[in-house]
Amino acid sequence: MQMENRCLRRWIQRTILAFLLLALGCGFAPVSANAAVPKLPRFPSINPDGSEIVFSVGGDLWIVPVHGGVANRLTRHRFDDLHSSWSPDGQSLVFTSMRDGYMNLWRIQRDGTGTAQLTHSDRFLRAPHWSIDEQGMEIVTFSALLEADVYRDQRPYRISPQGGEHELLHQAFGSEPRLSPDGQRVVFTRGGYYHDWNHRRYRGPDAMNVWVLHRSEERFEAVTEWEGDDGSARWVDNNTLLFMSERQLDTVNLYRVNLDGDNRALQRITHFRGRGIQDFDVSRDGSMAVLQVWDRLYTLNLVDPRAEPKPLHIQTGDDGWDDHTLRWIDRDVTEAVLSPDGQVMAYIAYGRVYIRHVDEYSPTRAVIPDSHARHQDIAWSQDGLHLYFVSDADGTLSIYKAQVALTRDEIRLAHQQLPMESGALLAKSTATHVSRGPESAQHNYEHSVNSNVDDPLAPLHPNNPLDPLDSLDPSEPEPAGEPTDVPSSSQDKSQATEKSGPMAEQEDPARWHDAVQFRVVSVVVEDGNDRGVSPSPDGRSVAFRRGRGDLVVMDLLTKELRTLVKGWDSALHWRWSPDGRHLAYDQNDLNFSTIYLLLPRMVHTNP
């Protein structure tokens, strides 16, 4: 028995050892629990000795060892950081960024510090490359469309790595300029202004070709000339170039050409089919290249003639910022309307409903903060108690209204009372749900809206007895604010809308001035795509557009719907009369002639 146990232990140990050796042999690397594979890494650049690679993912720059592993973030900005190039000493990078609204050149240290803007152009600057000229001075070359030329193409420019004024690198048109390691030659691409490498199998007058400027001789020379695309050349050494071409395999691959001698035979060094190379870079010492092919990066050893591209396995750490986006909602306002008392502005920004008091330092409150739905067509009721709006939360455009459920003053009052009494009071007065009647089982657009409460005396935590949502007793009846019984006479209607006691406190339009929590109630939730809601001046009805162009009115007490006008014109407009008894509207007929009509409301059975 002991012999069998020893054999079993040895077999387990050998199996584990074999698995570890296999893992090490296959290049497996430990993956952090927070690591993720980057999606669509682009625009790679490799440092001078070929040991590190910088690439762009999600509009930010990342750095990773040439053998792969966990990448570190270099930049963090809400606008795109894209192309990059290493300094000759490998300690800094120049990169393009949209931080100021245009694609300008910026500089950054290898450790992510010392970010500085080099150019302040109102045009897009592309293809930066940090190099050394024939006089031993460091320069940054780039291409852009800065001149008012009739011929539309980019020109090559140079600028100091410290910034300043740019100047033409040479007088010819061309893009992606790069100096040879000794600074004696400039390679650039001619053509391609009206198409790019994503335009497969292009043949025509705008085809890209590789050109070289011999600076000492001031002589231009075409390295490649054919009807298809060659371009994006990079120096391997002072006499050798790598460039992209799709002249074979109907796929963009890398080709090598030597500029010395009369016989400049082209050698294809990659063999991709289908999805080809989209971008690449070569280390300054010419030992290593990095390639972008669709959603992967590859490395290629340029010293070994038999080497093949190897996929680069990269993980990016979770920085905890990607789940949040800072937006200036005042720049995305599409609608705005003042409350009847002129003290509260409601508006739509970035598809959400917000309110704020007109005082300069009043906070902005999101009526529905946590929703992916789009909202539109806001309108105040005449008495200022309700804010109507349209939402697509249920898959169609439907009409809802919001009313104040809690104010800052009520929170302060609750804190001055006994905790238990406060909890009971708030539970009864601020229950937040959507009442739908018979349709409640089909739609579930429920919002418990607890906006930012800035008052430190009024925290609303999940286990706080003052939190109205935590204190809500499901056995309690629905809070007042929506009629549950339909009155059968005008006298009952007047009684149903009479304000007295606690109801009067809840139906005070001034509560919008410091509202922090809201109750959202459905008004019309059907499959008709209802929008353009407008309450009547007397508060008894709402009119809205249904479908393509039907004008519909709903009695808010009886919930009766009446289609007043049928039509196809989605640009239908209407207005209530001051007494709320008539509607005037304009509509295009089949001849696109606008007609104007006046209709009675025809909804209420009793005047």
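Arginine 412 is partly exposed, at 31% relative accessible area (buried is under 20%, exposed over 50%, partly exposed in between, using a 1.4 Å probe and protein chains only). Its partner is aspartate 409, and the two side chains meet in a salt bridge at 3.0 Å, N to O (a side-chain nitrogen of Lys or Arg within 4 Å of a carboxyl oxygen of Asp or Glu). Aspartate 409 is partly exposed too, at 48%. Helices (H or I, at least four residues) and strands (E, at least two) are DSSP runs, numbered from the N terminus.

## What you're looking at

This is a predicted model, where local features need pLDDT of at least 70 and side-chain atom pairs count only at pLDDT 80 or more, while totals for chains, interfaces and linings use all residues. Residues are numbered from 1 along each chain as its sequence is written, and side-chain values use heavy atoms, with hydrogens and water left out.

The protein chain averages a pLDDT of 81, with 75% of residues scoring at least 70; pLDDT is the predictor's confidence in each residue, from 0 to 100. Residues 425–504 stay under 50, and the model has 140 contacts for them beyond four places in sequence (contact means heavy atoms within 4.5 Å). Residues 602–607 are also below 50, with 17 contacts beyond near neighbours in sequence. Overall, the chain has five helices and 41 strands, and 48% of its 607 residues count as buried.

The structure holds 24 salt bridges. One of them joins arginine 234 and aspartate 279, at 3.7 Å from N to O. That pair links distant parts of the chain, 45 residues apart: arginine 234 is in strand S17 (residues 230–235) and aspartate 279 in strand S21 (residues 279–282). Arginine 234 is buried at 5%, and aspartate 279 is buried at 12%.

There's also a network of salt bridges linking Glu217, Arg219, Glu221 and Arg264. Within it, glutamate 221 pairs with arginine 219, their closest N and O atoms being 3.7 Å apart. Glutamate 221 is buried at 17%, whereas arginine 219 is partly exposed at 35%.

## Arginine 185, without a bridge

Now for strand S14 (residues 185–190), where arginine 185 is found. Arginine 185 is buried yet has no salt bridge, and the nearest side chain of opposite charge, aspartate 260, is 4.1 Å away (Lys and Arg count as positive, Asp and Glu as negative; His and the chain ends are not counted). Its side chain does make polar contacts with the side chains of histidine 214, at 3.4 Å, and asparagine 239, at 3.3 Å. A polar contact is a pair of N or O atoms within 3.5 Å; within protein, one must be able to donate a hydrogen and the other to accept it, and residues adjacent in sequence count only if both atoms are side-chain atoms.

## Two positive phi values

Phenylalanine 43, in strand S1 (residues 42–46), has a phi near 50°, positive in a residue other than glycine. Phenylalanine 43 is buried at 16%. Arginine 201 has a positive phi as well, near 55°; this arginine lies in the loop between S14 and strand S15 (209–214) and is partly exposed at 47%.
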